[in-house]
Amino acid sequence: MIDVVFAAARPAHGALALPVGKGALTERTGNEASAIGLQAAATLARFEGEAGTIAEHVDVTSAPRRMLLVGIGGGSEPDAVKAGSALTARLLTSGETDVAVDAARLTTAQLVAFLEGAVLRTWRYDKYRTKLPEAQKSTLATLTVVGAGAGAQATYAQRAAVVRGVAFTRELV
């Protein structure tokens with residue numbers, strides 16, 4: 001399973017995910033240093049913020065960094081779960097080891113659902129796949145949450161117990 005870490009500032013390395021609600025692209029990317037590139041990537045990908053959709057941009061202003069706009073749709077919990085799992089699916093075997101999620105515009109409930117989807121999607125049963133090519137091996141190890149509201153970490157800790165139970169059950173069956 002992927003490790004979820006809460007931090008006060010964005011890490012300098014790894015991918016950066018920006019959750020975007022449906023129709024909120026301009027307000028979400030307005031403060032980013034690479035706003036023009038993000039908006040261009042969104043236009044080319046026909047990204048409108050629907051749940052589970054992703055637009056990807058590589059920011060090369062300083063160190064190259066993958067930036068992903070992740071659609072959370074209307075912001076319901078099922079939409080947030082879908083968005084979190086879509087992010088993990090995109091990055092799981094991409095070679096990225098770390099991803100930071102800017103959660104400043106998510107409610108605690110949306111963030112916890114997003115993290116639940118992200119963590120549950122990382123599960124793979126590769127125990128008997130002895131000849132798995134390097135490009136197909138899971139590389140994503142850490143998801144860092146930045147800008148979470150007060151109490152988000154405690155609320156996630158409760159839901160994380162259920163997520164660990166699901167992972168344990170998957171291993172048993």
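Angles between axes under 35 degrees count as roughly parallel, over 145 as roughly antiparallel, 65 to 115 as roughly perpendicular, and the rest as oblique. The axes are lines fitted to C-alpha atoms, for helices over the stretch in contact, and the angles run from 0 to 180 degrees between N-to-C directions.

The structure is a predicted model, in which local features need pLDDT of at least 70 and side-chain atom pairs count only at pLDDT 80 or more, while totals for chains, interfaces and linings use all residues. Residues are numbered from 1 along each chain as its sequence is written, and side-chain values use heavy atoms, with hydrogens and water left out. Helices (H or I, at least four residues) and strands (E, at least two) are DSSP runs numbered from the N terminus.

**Helix packing**

Two packed helices are described by the angle between their axes and the distance between the axes. The table lists two such pairs.

| Helix pair | Angle | Axis distance |
|---|---|---|
| α3 (residues 77-91) and α4 (residues 108-121) | about 40 degrees | 7 Å |
| α4 and α5 | about 25 degrees | 10 Å |

Because of its angle, the pair α3 and α4 is oblique, whereas α4 is roughly parallel to α5. A crossing is left-handed if the near helix is turned anticlockwise from the far one by less than a right angle, and right-handed if clockwise. α3 passes α4 in a right-handed crossing. Contact means heavy atoms within 4.5 Å. Residues of α3 in this contact include A80, G84 and L87, and those of α4 include A113, F114 and R121. By class, the contact of α3 with α4 has nine nonpolar, five polar and three charged residues. Here Ala, Val, Leu, Ile, Met, Phe, Trp, Tyr, Cys and Pro count as nonpolar, Asp, Glu, Lys and Arg as charged, and the others, Gly among them, as polar.

α4 also passes α5 in a right-handed crossing. Among the residues that make this contact are L111, E116 and V119 of α4 and Y156, R159 and V163 of α5. Ten nonpolar, two polar and three charged residues form the contact of α4 with α5.

V163 belongs to helix α5 and counts as buried, at 1% relative accessibility. Buried means under 20% relative accessible area, exposed over 50%, and partly exposed in between (1.4 Å probe, protein chains only). Leaving aside residues up to four places away in sequence, V163 touches M1, E116, V119 and L120. V163 and V119 are 44 residues apart along the chain, and their C-alpha atoms are separated by 7.6 Å.

**Nonpolar cores**

A nonpolar core is a set of buried Ala, Val, Leu, Ile, Met, Phe, Trp, Tyr and Cys residues joined through side-chain atoms within 4.5 Å. The largest nonpolar core has 31 residues, and V70, L87, V99, F114 and L143 touch the most other members. Elements that give two or more residues to this core include β4 (65-71), β5 (98-102) and β6 (142-146). Helix α4 gives the largest share, seven residues. Another core, of eleven residues, lies apart from it and includes L16, L18, A55 and L69.

**Two further residues**

H57 is in strand β3 (residues 54-59) and counts as buried, at 17% relative accessibility. R46 lies in the loop between α2 (35-44) and β3 and counts as exposed, at 76% relative accessibility. Most residues other than glycine have a negative phi. Phi of R46 is near 55 degrees, a positive value in a residue other than glycine.
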